[in-house]
Amino acid sequence: VSANRPGSSRRVGAAAAMTGVAAAAPRLATGGAIWFLRLTGLAFAWPLMIRLLGGDVVAAASLLGTIAAFWFAGTLVGRGLATEAELGRRTLAAAPKLPAKLTGSLLAAAGAFLASFGGSHDSLLMGVLFGGLAFLGCRLAFGSDPKTDRDAIAAAAKRAGVTPEHVLQALEEAHRKVREIEVASAALASRELRGRLDRIVGRAREVLTELERDPRDLSRARRFLVTYLDGTRDVITKYTQQQHEVDEPLAANFARVLDTVEQVFVEQREVLRRDDALDLEVKIEVLETQLKREGVH
Amino acid sequence: MERAMSGRGAGGYLLLGAVMSILWLKATFAGVAAMFRAIVPL
């Protein structure tokens, strides 16, 4: 069924493949870009010191500006690359309003201009030339910012019979909840539990990929989006708060809840693929009872 | 990552590195020269 659905794209399923080493690669590249820019700026601390010793306040202030500009350029470009990696895993998503990589590149260009015009007392033309070259280097190194594919979103929303804003908002909220589960699970002391949560987060993203492929399923997956993502996040948060004083039975209960959560997430994905809601309703009832019994929901 | 490994990405890093190296050298030598001029008036 899914292969014939309109709107399926080659990017679908990328989320499932992004685990382990593959998921670490964009983070490494992002970290590399951030520190490349920051260290480039920090290298100007040496000429800054010389200018301070020489008593040239204008040049010193300009070089301080260069260091600050490159520091924040690193932050912005890093944010842009992280957004790009995140959006690359998603089929339907709105790009952020602030083009972070472009803004970061402009800041780096301003930093280069300051180092030349103020830091070395070059001519204005020379300063602009250095700024332009730095900007070009940044654009080549980090690329342009991701753009929102408004046509794809509008087409998907039309198919689902809702507004594009509704689709984007529902998906954004779901992704935020999954990220919250990810953050909460990082505080777990047990490596085994963290591994399980990693898998659960992967499963949740697979469900979201299915939803992005066909937003008509949004209403059918409402319970998953509203109850289960929240429930899972709450159960993990509560457990991490008292994980050092929990007794054996509670730890075992938690492990069982995670089992059920994983199972329900897998089945939700399968249900969306099969367009079959009946089985899942029963499973969800079971999970709901279980969550209530453990006093989490 | 793909971009960093690609020719364009690597070229960008090289260009930025080269531009900033030149600026670092210029700023350093301009500073040293200014200091030298202050100490030894010609």
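These are my notebook entries on a predicted model with chains A and B.

**Ground rules.** I number residues from 1 along each chain as its sequence is written, with chains lettered from A and ligands numbered from 1 in the order in which they are written. Since I am working with a predicted model, local features need pLDDT of at least 70, side-chain atom pairs count only at pLDDT 80 or more, and totals for chains, interfaces and linings use all residues; side-chain values use heavy atoms, leaving out hydrogens and water.

**Confidence.** I began with pLDDT, the predictor's confidence in each residue, from 0 to 100. Chain A averages 81, with 86% of its residues scoring at least 70. Chain B averages 83, and 79% of its residues score at least 70. For the complex, the predictor gives an ipTM of 0.84 and a pTM of 0.65.

**Where the chains meet.** I counted contacts (heavy atoms within 4.5 Å). Chain A brings 35 residues and chain B brings 22 residues. The buried area (accessible area, 1.4 Å probe, that two parts lose on being put together, summed over both) is about 2,300 Å², and carbon and sulfur atoms give 78% of it. Ile50(A), Phe130(A) and Leu140(A) supply 22% of what chain A buries against chain B, more than any other three residues.

**Salt bridges.** I used this rule: a side-chain nitrogen of Lys or Arg within 4 Å of a carboxyl oxygen of Asp or Glu. I found Lys26(B) paired with Asp122(A) at 2.9 Å, N to O. Inside chain A, Arg179(A) pairs with Glu86(A), their closest N and O atoms 3.4 Å apart. Arg179(A) lies in helix α8 and Glu86(A) in helix α4 (residues 57-88), so this pair ties together parts that are 93 residues apart in sequence.

**Two helices in chain A.** Helices here are DSSP runs (H or I, at least four residues), numbered from the N terminus. The axes of α8(A) (residues 164-186) and α9(A) (residues 191-213) come within 10 Å and cross at roughly 175°. That makes the two roughly antiparallel, a label for angles over 145 degrees. Among the residues that meet are Leu171(A) and Val178(A) in α8(A), and Leu197(A) and Val201(A) in α9(A).

Conventions
Axes fitted to C-alpha atoms, helices over the stretch in contact; angles between N-to-C directions. Parallel < 35°, antiparallel > 145°, perpendicular 65-115°, else oblique.
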